[in-house]
Amino acid sequence: MKCPALASLCAALLLPALVSPLAAQAADEIREQDLRAHIGFLACSEMEGRASGEHGGHLSGRYVEATFRRLGLTPLPGQTELRLPFQVGDLTCYNVVGVLRGTDPRLSERYLAIGGHLDHAGIGGPGAMGGPGEVHNGADDNASGTAGVLELAEWYVAHPPKHSIIFISAEERGLLGSEHLVTQKIVPVDQIRAMFNFDMIGRSNGYLFIGGLGTATEFHDLLDPILAGTQDMRLELDDRGEAPSDNTSFYHGGIPSLFFFTHIHEDYHLPGDDAEKIDYAGEARILRLAREMIGVVDAAPSIQFKSAPGMGMPADFNEKMMAHFQNIQKLQRARGKLGLRVEEAAGGMVVTSVGEGSSAADAGLLVDDLVKKINGREIHTQRDLLRALGAAEKGSEVTLQIERAGGPLTLKAPLK
Ligand SMILES: [Zn+2]
């Protein structure tokens, strides 16, 4: 999704003092338009796919931090900041974690955790399945879950729970963010009674998977009545505690953990995972159900962890994933190549070699030509080049604006 006025929008949204015009009336309800605003911002192309440790990832982390701060969430015990850094090799990544104090003085040192990862596949980053230069907006994965965490935080601030709640926007990247929080005991692991993880809850269309129902002795007694009463959604329920998502880190830390997921789809980890394809009414419905579930857990006298090993995922997950991979291979075979090598130079990129029989050769491109624009896009870096070509298919025409011997020249050829 494109956001033309983003530079100023970013500045405005990142001002901690700014109060969202939606906030005043939104506090008592989970609202579709709030979800739209959060997901629209987090999944627009200027966030560059929110790759963890990179510019867009940091910017979106700042957005979550500013929202947490506006809601009055405080740092974890022992921390002074909401944004908590950790290293992945040379990269500094951040989890954003804020606490809402509970109302019951006997329980306020006991926590519930509500989380969802923030990062996505960037521009050809980890997990990207699209073309190397394409932005992977990750509206469903996982701007949807992040928006859910923000909406629930807003609701609980207006309706304080008995337990304190830890709101988590983690870096998923191999589950490293949540693993760091749990194994390094950045979160008070022994005092967290239950964790609720939202990872891809934006493509419901009437469906919801909930995993981890066997990870607490009391979950079935507490939650089955609510789930049985949910007639307007096709629920798929699973007891097992593991999944390729952050609930696994908490489950392995001995914390009862639930996983909310609306399944993969044709845009999974592809550039088409965009905000306009989100089922906002469906997501709001899921968050209302989750709120009901969190409410009974908050009111329960005790919650005991129970081991429930194994992957708690939809029954047809592997089958759907295989079909998705086959589809991606088909897309990759259809993608066109220009067939040239370039180096950065003043005013553009200079051609260092042209592949024999390539579309660059057909267009008449020569070594030492200075490429200034491709398909109207200015070219200064390899990334610009990749983005200019994007996922262009074989046979689509590419237009190169170049400079040769000091003069401008426009060349055209179909991609091969
Ligand atoms: Zn995800």
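Analyst: Two residues are in contact if their C-beta atoms, placed from the backbone, lie within 7 Å. This is a predicted model, in which local features need pLDDT of at least 70, side-chain atom pairs count only at pLDDT 80 or more, and totals for chains, interfaces and linings use all residues. Residues are numbered from 1 along each chain as its sequence is written.

User: Which residues does Leu389 touch, not counting residues up to four places away in sequence?
Analyst: Leu389 belongs to helix α12, residues 382–389; helices (H or I, at least four residues) and strands (E, at least two) are DSSP runs, numbered from the N terminus. With sequence neighbours up to four places away left out, the residues touched by Leu389 are Gly133, Leu338 and Ile374.

User: Why does Leu389 count as buried?
Analyst: A residue is buried if 20 or more other C-beta atoms lie within 10 Å of its own, exposed if 12 or fewer, and partly exposed in between, with C-beta atoms placed from the backbone. Leu389 counts as buried because its number of C-beta neighbours inside 10 Å is 22.

User: Is Glu48 buried or exposed?
Analyst: Glu48 sits in the loop between α3 (32–42) and α4 (55–71). Its phi is positive, about 50°, although Glu48 is not a glycine. Most residues other than glycine have a negative phi. Since 21 other C-beta atoms lie within 10 Å of Glu48, its class is buried.

User: What is the class of Asn375, given its 16 other C-beta atoms within 10 Å?
Analyst: Asn375 is in the loop between β11 (370–374) and β12 (377–378). Asn375 also has a positive phi, near 50°, in a residue other than glycine. With 16 other C-beta atoms within 10 Å, Asn375 is partly exposed.

User: How far does α4 reach from its first C-alpha to its last?
Analyst: The expected span of a helix is 1.5 Å times one less than its number of residues. For α4, with 17 residues, 24 Å is expected. Buried residues in α4 include Gly56, Tyr63 and Phe68.

User: Which residue in the turn between β13 and β14 has a positive phi?
Analyst: Strand β13 (residues 397–404) pairs with β14 in the antiparallel sense over 8 bridges, where pairing requires that DSSP finds at least two bridges between two strands. Arg404 stands opposite Gly407 in β14. The hairpin has 2 residues between its strands, and the one with a positive phi of about 50° is Ala405.

User: How many residues of domain 1 are in contact with domain 2?
Analyst: The chain is divided into domain 1 (6–328) and domain 2 (340–414), with bounds from an automatic or database domain assignment. Their C-alpha centres lie 42 Å apart. On the domain 2 side 6 residues take part, and on the domain 1 side the number is 7.

User: What is the mean pLDDT of the chain?
Analyst: pLDDT is the predictor's confidence in each residue, from 0 to 100. A value of 70 or more is reached by 93% of the residues, and the mean is 90. Over residues 1–24, however, the pLDDT is below 50. For the chain, the mean is 90.
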